[in-house]
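Here is a short report on one protein chain. Look at the fold first, then at the details.

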Amino acid sequence: MTQQDPSTLPTHPDPGQDPGTTAEPSPARAVRLRVPAPLCLVGLFLVVYLIAVCTPFGQRAENALLSGYDAQPAWIYDWSGAAYGSSAMPPLEQTAMPTLLVGIAVIAAVTLVRRCWWQGCAAIGIVVVTLGSKELTRMILPRPDLVDAEVSLIEPSFPSGHVAIPAGLALAATLVASPRIRPYVTAAGMLWLAVTAGAVQATYHHRPSDVLGSTLLACACYSLAVRLLPTAAAPGVTRRPRALPAVALALSAAGALLAGARDDSVTQSLVFAAAAFLCAALFWFTTTRGPAHTTRRIRPKH
């Protein structure tokens with residue numbers, strides 16, 4: 001019996017396929033590439049809420065991180081505004097509203113100078129929708145008491161308002177910044193977000209799920225704004241210095257570790273720092289994805 005070379009065997013097209021056309025990707029692949037980023041981020045937000053807030057395991061795990069009531073062992077306590085007579089680092093404590101107002105004013109000023117009206121309106125929308133959705137979700141998403149926790153531990157805190165401010169403002173600033181300085185604005189926003197997320201955890205104001213929830217909401221708003229912008233106004237993929245991603249991630253990791261550190265628990269410090277760094281990583285991933293990733297469609301080859 002003679003063996004035939006597989007390369008010489010005739011190929012049989014699928015039924016209904018026109019001659020001369022190539023097979024299209026599988027439906028699963030096409031669906032996977034067409035899932036919009038905002039929907040994915042909102043889905044992750046709900047997953048974090050369901051696991052961390054709506055399960056006994058999640059509640060016990062996060063309540064154990066708030067085992068103490070003294071915020072003084074936190075390294076960033078003196079800058080948190082909790083200490084008597086101290087000045088709070090923006091946007092903690094009483095600096096939250098002034099930080100928000102100043103940030104919106106800066107975004108408006110940059111919009112006027114650069115005359116980037118579409119980006120400016122989208123940036124303001126990111127801030128407003130992020131904070132508005134934070135307030136709405138906190139009202140409609142309850143924190144059920146599944147583990148008989150103390151009264152101080154069952155108050156709604158998901159998502160974090162303090163983290164929503166730097167996340168929304170930094171993403172908005174990234175959108176209106178010029179392409180030349182946008183990478184550096186992104187790096188600065190990552191560091192600010194990481195430090196804020198670590199600080200509110202180390203001082204027992206919020207849980208890890210709270211800071212992750214606010215970051216996911218802000219990233220979803222940014223992705224939606226970029227998706228809705230006209231093609232000419234959408235931010236393109238900018239060229240970054242080769243070492244900038246590594247430097248930005250390293251600075252964010254260091255800031256998260258210092259802001260989330262406590263003298264009384266290494267475990268808490270590491271968990272708080274990991275959650276804060278994950279917020280910065282989500283920020284980086286969201287801002288570095290160009291519009292082509294959200295609008296690409298698979299087309300058959302002819």
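## The whole chain

This is a predicted model. The protein chain holds 11 helices and 0 strands. Its pattern along the sequence is therefore α-α-α-α-α-α-α-α-α-α-α, where a run counts as a helix with at least four residues. The chain has 302 residues, and 46% of them count as buried. Its accessible surface is about 16,400 Å². Carbon and sulfur atoms own 66% of that surface.

## Salt bridges

How many salt bridges does the structure hold? The count is 3.

| Pair | Distance, N to O |
|---|---|
| Lysine 134 and glutamate 135 | 2.3 Å |
| Arginine 143 and aspartate 210 | 4.0 Å |
| Aspartate 264 and arginine 262 | 3.0 Å |

Start with arginine 143 and aspartate 210, whose side chains meet in a salt bridge. Arginine 143 sits in the loop between helix 5 (117–140) and helix 6, while aspartate 210 sits in helix 8 (residues 208–228), so this pair ties together parts that are 67 residues apart in sequence. Are the two partners buried or exposed? Arginine 143 has a relative accessible area of 10%, so it counts as buried. Aspartate 210 is buried too, because its relative accessible area is 0%. The cut-off for buried is under 20%.

Now take lysine 134 and glutamate 135, which form another salt bridge. Lysine 134 is buried, with a relative accessible area of 7%. Glutamate 135 is partly exposed, at 41%.

The last pair is aspartate 264 and arginine 262. Aspartate 264 is partly exposed, because its relative accessible area is 47%. Arginine 262 has 5% relative accessibility, so it counts as buried.

## A pocket and a cavity

Which residues lie nearest the centre of the second largest pocket? They are Val106, Ile107, Leu169, Ala170 and Ala173. In total, 16 residues line this pocket. The elements that give two or more residues to its lining are helix 4 (96–114), helix 6 (161–176) and helix 7 (182–202). Helix 4 gives the most, with 6 residues. The volume of the second largest pocket is about 250 Å³.

A pocket is open, whereas in a cavity a probe fits but cannot get out. The count comes to 3 cavities of 30 Å³ or more. The second largest cavity holds about 50 Å³ of space. Its lining is made of Ser80, Leu92, Glu93, His162, Ala199, Val200, Thr203 and His205.

## A nonpolar patch

Val42, Leu46, Val47, Leu50 and Ile51 make a nonpolar patch of about 400 Å². Valine 42 lies in helix 2 (residues 37–52).

Key
Residues numbered from 1 in each chain as written. Predicted model: local features only at pLDDT ≥ 70, side-chain atom pairs only at ≥ 80, totals over all residues. Heavy atoms only, no water. Patch = residues over 30% accessible without salt bridge, like charges linked within 9 Å, V, L, I, M, F, W, Y side chains within 5 Å. Areas by Shrake-Rupley, 256 points an atom, 1.4 Å probe, with all protein chains shown as cover. Buried < 20%, exposed > 50% of the residue type's maximum accessible area, 1.4 Å probe, protein only. 1 Å grid on protein atoms, 1.4 Å probe; cavity = no way out; pocket = protein on both sides within 12 Å on 5 of 7 lines; lining within 4 Å. Points joined across faces, edges and corners; volume = space filled by probe spheres on them.
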